[in-house]
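Take a look at the chain below. This report goes through its helices one at a time, then turns to a few single residues.

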Amino acid sequence: MKKKPLKILLCFAVLLVVISASTLPIYAEGAEGNVAGAIENTWTQAQTQIKTVVNNVIFPVVDMILAILFFVKLGTAYFDYRKHGQFEFTAPAILFACLIFTLTAPLYIWTIL
């Protein structure tokens, strides 16, 4: 009977040690705790790296996925047209608009942000 409370206490102690070991103190810049200033400084330091990664990796991947989805949806819409005689253009039009938006986004997205 005395083993159960001891096990619970031991589990609680281990959990407390794991939580305290896995947390890191985060300090903002300055003595006042200027969190906004710390975030702005971090953004200005990493801005060029973030822009490079987004422009060279993220946008091309999203463009490729949207292009593949657009052509697949266009093909399925064509086959549906052949089968039923009615062309459903809403989904291909939305995908095409999204593709145009993401293709042109690197030109203006950084002036907005």
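## Helix α2 and its buried side

Seen in this predicted model, the buried residues of α2 are Gly37, Val54, Phe59, Asp63, Leu66, Phe70 and Ala77. These buried residues pack against α3.

Val62 belongs to helix α2. Val62 has a relative accessible area of 31%, so it counts as partly exposed. Leu69 also lies in helix α2. Its relative accessible area is 44%, so Leu69 is partly exposed too.

How far apart are the end C-alpha atoms of α2? The helix has 50 residues, and its ends are only 60 Å apart. A straight helix would reach 74 Å at 1.5 Å a residue. There is also a kink in α2. The kink is about 55° and is centred on Ala46.

What comes after the helix? Gly85 follows α2. The phi of Gly85 is positive, near 85°.

## Helix α3 and its cover

Helix α3 covers residues 90–112. Its buried residues are Pro92, Leu95, Leu99, Thr102, Ala105 and Trp110. What covers them includes α2, residues 35–84.

Phe96 is found in helix α3 as well. Is Phe96 buried or partly exposed? Its relative accessible area is 42%, so Phe96 is partly exposed.

Where does α3 kink? The kink lies at Ala105 and is about 65°.

## Thr102 in detail

Thr102 sits in helix α3. Its relative accessibility is 9%, so Thr102 counts as buried; the cut-off for buried is under 20%.

What does Thr102 touch? Leave aside its neighbours within four places in sequence. Thr102 is then in contact with Phe59, Val62, Asp63 and Leu66. Phe59, Asp63 and Leu66 are among the buried residues of α2. Val62, in contrast, is partly exposed. The side chain of Thr102 also reaches a backbone oxygen. That oxygen belongs to Leu99, and the distance is 3.1 Å.

## Helix α1

Helix α1 runs over residues 3–22. At 1.5 Å a residue, its 20 residues should span 28 Å. The end C-alpha atoms of α1 are 28 Å apart, which agrees.

How many of the residues of α1 are buried? The count is 0 among 20 residues, and α1 is hardly covered.

## Distances in sequence and in space

Leu69 and Leu95 are 26 residues apart in sequence. In space they are 7.3 Å apart, C-alpha to C-alpha.

Val62 and Thr44 are 18 residues apart in sequence. Their C-alpha atoms are 25 Å apart in space. Phe96 and Leu10 are 86 residues apart in sequence. Their C-alpha atoms are 59 Å apart in space.

## Cysteines

What is a disulfide? It is a covalent bond between the sulfur atoms of two cysteines. How many disulfides does the model have? The count comes to 0 disulfides.

Cys11 has a relative accessibility of 55%, so Cys11 counts as exposed. Cys98 has a relative accessibility of 34%, so Cys98 counts as partly exposed.

## Confidence in the model

In the chain, confidence is lowest in helix α1, at a mean of 86. Confidence is highest in α3, at 92.

Note on methods
Residues numbered from 1 in each chain as written. Predicted model: local features only at pLDDT ≥ 70, side-chain atom pairs only at ≥ 80, totals over all residues. Heavy atoms only, no water. Disulfide = S-S within 2.5 Å. Buried < 20%, exposed > 50% of the residue type's maximum accessible area, 1.4 Å probe, protein only. Helix = DSSP H or I, 4+ residues; strand = E, 2+ residues; numbered from the N terminus. Polar contact = N/O pair within 3.5 Å; in protein donor to acceptor, adjacent residues only side chain to side chain. Contact = heavy atoms within 4.5 Å. pLDDT = per-residue confidence, 0-100. Bend = angle between axes of the 7 residues up to and from the residue. Expected span 1.5 Å × (residues − 1).
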